[in-house]
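Some terms used for protein structures rest on cut-offs.

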Amino acid sequence: MFQYIIKRVIQLIPVIIGITFITFMLFLVVPGDPVRVSLGQHPDPALQERIRHELGMDLPWPVRYGKYLWNAVQGDLGKSIETSEPVTKRILEAFPATLKLATSAMIFAVFFGIPAGIVSATRQYSFADNAFMFMALLGVSTPIFVLGLILQLVFIRYLGVIPGVGYGPGGWASFKHLILPTIALGTIPLAMISRMTRSTLLEQMKSDHVRTARSKGVKEIVVVYKHALKNALIPIVTVIGNYFASLMAGAIITEKVFSWPGLGTTMITAIEKRDMPVVMGVVLFMALVFVVTNLIVDISYAYIDPRVRLK
Amino acid sequence: MTQKKFNRTVFRRLFRHKLAVIGLSIILLMIIVSLFADVIAPDPYSMNLDATLIPPMKQVYAAKSKDQFETKKYIYEVSDSEESYYKIVGKRSENVLFEKLGNALEIKLPDGKTEFVPLNSKSLPPGYEIIGEADDLYTFRSTKSVLVMEHWYRYDSLGKHTKNSKEVVSGELVDVEWEDLGVAYVVVDVESGNKRLHPKGASDLISTEIESGPMKRPILGTDNAGRDIAQRLVHGARISLYVGIVVILISLIIGITLGALAGFYGGWIDSVISRFTDIMFAFPGLLFAIAVMAVLGRDLFNVFIALGLVGWPPIVRIIRGEVVALKESEFVEAAKAIGAKNKRIILRHLLPNMLAPIIVYVSLGIAGAIMSEAGLSFLGIGVRPPMPSWGSMINDGFQHALDSPHVWLVPGIVIALVVLAFNFLGDGLRDALDPKLKI
């Protein structure tokens, strides 16, 4: 197991370097000189040159990439052009809100998705099964922002049970503010988890060990939960993990819809202000979170299913 | 089984798939609509800042007031309940609730404040005076000698307005019929048939004229810039389809080339391509597209690039897997044996055998591209305004999302419907072509 973890972590290094390289190259080609933009309409050429030198922008790009990578390893992602704050600080301030949203969305998706999948699989082609699966399809096809706005319309404007959008005052009072973004962000993983649960459980129900258990006279409920579901959980866990990672990116849109003060909002504001160091930092950070989460998923997958380690 | 027979079987299976047929019909409708977009919706761009955020199916009147500034007003009815909402777009762009309290109007402003406007001569426009008032009746009259008008409005117990009136024009009593539009009255001279529009509300008791009769009835209302939503929706279909097709083409070209190279040649070529694909997979798709758009700036062409760059890695994996599986098969051996070149083997022997996953992926990929474009445009980093993409239409309605849901709701439903249609078709195609495909 330990060897497997080491192997996976080592495999990750080129990927992370690749991510930093692609991010760096992407932002190298930004049209418009950021120094000129920040200095206004008629910049002093000497001053411009000095700032350029201070920022290290007169160096060739491989050197700049090396510096960027070295600084990034030390947690320095540059400074915001707009506020001169360190980008890392901005990211760490905004990240907890995004993490909170993504976690609660995932809890919501698992809490409702697995039972829905079990019901669908055990009562295949029943009304409940068809209804769940149609809703799952609808959930996958509805863009997050449309779903979010519909939720706002229903629960904020017409029913008035939710006070409004935004992060809320904090503590328990902001729990109500969390509900709608959670549903909006959690619906796609909910749909995927319920579909995955249904299909893997159905597969398991046809397997030999389930037939054996049944022929022994084991009660149906025990067959489903103990014999079939336990085996079906492995692919479900993978789906959960993979979706948790991509939720971070999905949160960008949800955060805009619900004025949620997370990484997505930070990024979109930075794009509007053309504050590229912040945009670059958030992109890199989110990609790293994505990769690391996927790594954790893989490791836990290997922990649950020893066959994976041997591949 | 011959090719012809296979094709027929596939079509038969596809048409037996009900949802796929529904999906296909929606897609065909979308294609027809986008082909004839210019004919169906000739004017998706013209703005009318005097008639913004008008709800669906409301009759819009262009009225010219007779005051010295000759301001034009757009008036439409919002509701005809006891407490009438009225909205005079252009003059006031918010909903105001008003109630007549005998000799004053109580106006509830959207910020929660209440404003009382007394119905006395001071609040009336120059040239008008109140000549009588009661709980259920008030009358005002122009003091101008040229045109003396007298209206009376009677409220019954339910707050409905009785539909009769007398009008005194130059001292003569003329029968008029009038219709209550909630925000205004259309006054029709019975004898001559002339129509005039009278807005309600103390500050608007100015005699106005219908300029050109009822103007238009925007089926789906207008957006925050007064543009016709229905027309923009039609053009949005064209843009979505355009994005879907171009993006999938870019992704296919990159994906098939790299996938076939990696799978066919193996070795270091495979390693390089596979590692590069892995790195691309390490970016969540939408995040990478957002980053590219942030760098390149908002434009339809840049949307193609951003989403095309995001779309190819899954194709590489599919194609590589298929090529690896197929290249050991007998027909490839045979082609090699008769001296076919690698290029010919890939293009003429391997690719046609991978059409099933490619076709399925195209359908699902178009759905994904349409959804991603909508997402980018919603974030304000997609197509450049005023291009009517469905996502940017939703962004247009975002500021007034809860007051005027019609602006974003219809494009939102249409996106969901179209994405659903492509997903249905994709599922149907998979079942028809090869049920064992795992895409």
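This is a predicted model: local features need pLDDT of at least 70, side-chain atom pairs count only at pLDDT 80 or more; totals for chains, interfaces and linings use all residues.

Residues are numbered from 1 along each chain as its sequence is written, and chains are lettered from A and ligands numbered from 1 in the order in which they are written.

Q: Why is Ser199(A) called partly exposed?
A: A residue is buried if 20 or more other C-beta atoms, placed from the backbone, lie within 10 Å of its own, exposed if 12 or fewer, and partly exposed in between. Ser199(A) has 15 other C-beta atoms within 10 Å, so it is partly exposed.

Q: Where does Ser199(A) lie?
A: Ser199(A) is in helix H8 (residues 175-205) of chain A. A helix is a DSSP run of H or I with at least four residues, a strand is a run of E with at least two, and both are numbered from the N terminus. Ser199(A) and Gly117(A) are 82 residues apart in sequence, with 8.2 Å between their C-alpha atoms.

Q: How many helices and strands does chain A have?
A: Chain A has 13 helices and zero strands. Its pattern along the sequence is α-α-α-α-α-α-α-α-α-α-α-α-α. The C-alpha trace of chain A spans about 85 × 55 × 30 Å along its principal axes. Of its 311 residues, 37% count as buried.

Q: How many helices and strands does chain B have?
A: Chain B has 12 helices and 14 strands. Buried residues make up 40% of its 439 residues.

Q: What span is expected for helix H7 (residues 144-158) of chain A?
A: The expected span is 1.5 Å times one less than the number of residues. H7 of chain A has 15 residues, and 21 Å is expected. From first C-alpha to last, H7 reaches 20 Å, close to that value.

Q: Which residues of H7(A) are buried?
A: They are Ile144(A), Phe145(A), Val146(A), Leu147(A), Gly148(A), Leu149(A), Leu151(A) and Gln152(A). The buried residues of H7(A) pack against H8 and H10 of chain A, and also against H10, helix H11 (390-398) and H12 of chain B. After H7(A) comes Gly160(A), with a positive phi near 70°.

Q: What makes the phi of Ser259(A) worth a remark?
A: Most residues other than glycine have a negative phi, and most peptide bonds are trans. Ser259(A) is not a glycine, yet its phi is positive, near 45°. Ser259(A) is in the loop between H10 and helix H11 (263-272) of chain A. It has 13 C-beta neighbours inside 10 Å and therefore counts as partly exposed.

Q: What is the phi of Arg274(A), and why is this residue called partly exposed?
A: Arg274(A), which is not a glycine, has a positive phi of about 55°. It is partly exposed because 17 other C-beta atoms lie within 10 Å. Its place is in the loop between H11 and helix H12 (276-304) of chain A.

Q: Which residues does the cis peptide bond join?
A: It joins Pro385(B) and Pro386(B), with omega about 10°. Pro386(B) lies in the loop between H10 and H11 of chain B.

Q: What makes a set of residues a nonpolar core, and which residues have the most contacts inside the largest one?
A: A nonpolar core is a set of buried Ala, Val, Leu, Ile, Met, Phe, Trp, Tyr and Cys residues joined through C-beta atoms within 7 Å. The largest has 163 residues, and Val279(A), Met286(A) and Ile290(B) have the most contacts inside it. Helix H10 (residues 220-257) of chain A gives the largest share of this core, 17 residues.

Q: What is Met286(A) in contact with, leaving aside its neighbours within four places in sequence?
A: Two residues are in contact if their C-beta atoms, placed from the backbone, lie within 7 Å. By that rule Met286(A) is in contact with Met248(A), Ala249(A), Leu263(A), Pro284(B) and Leu287(B).

Q: How many residues of chain B are in contact with chain A?
A: In chain B, 31 residues are in contact with 35 residues of chain A.
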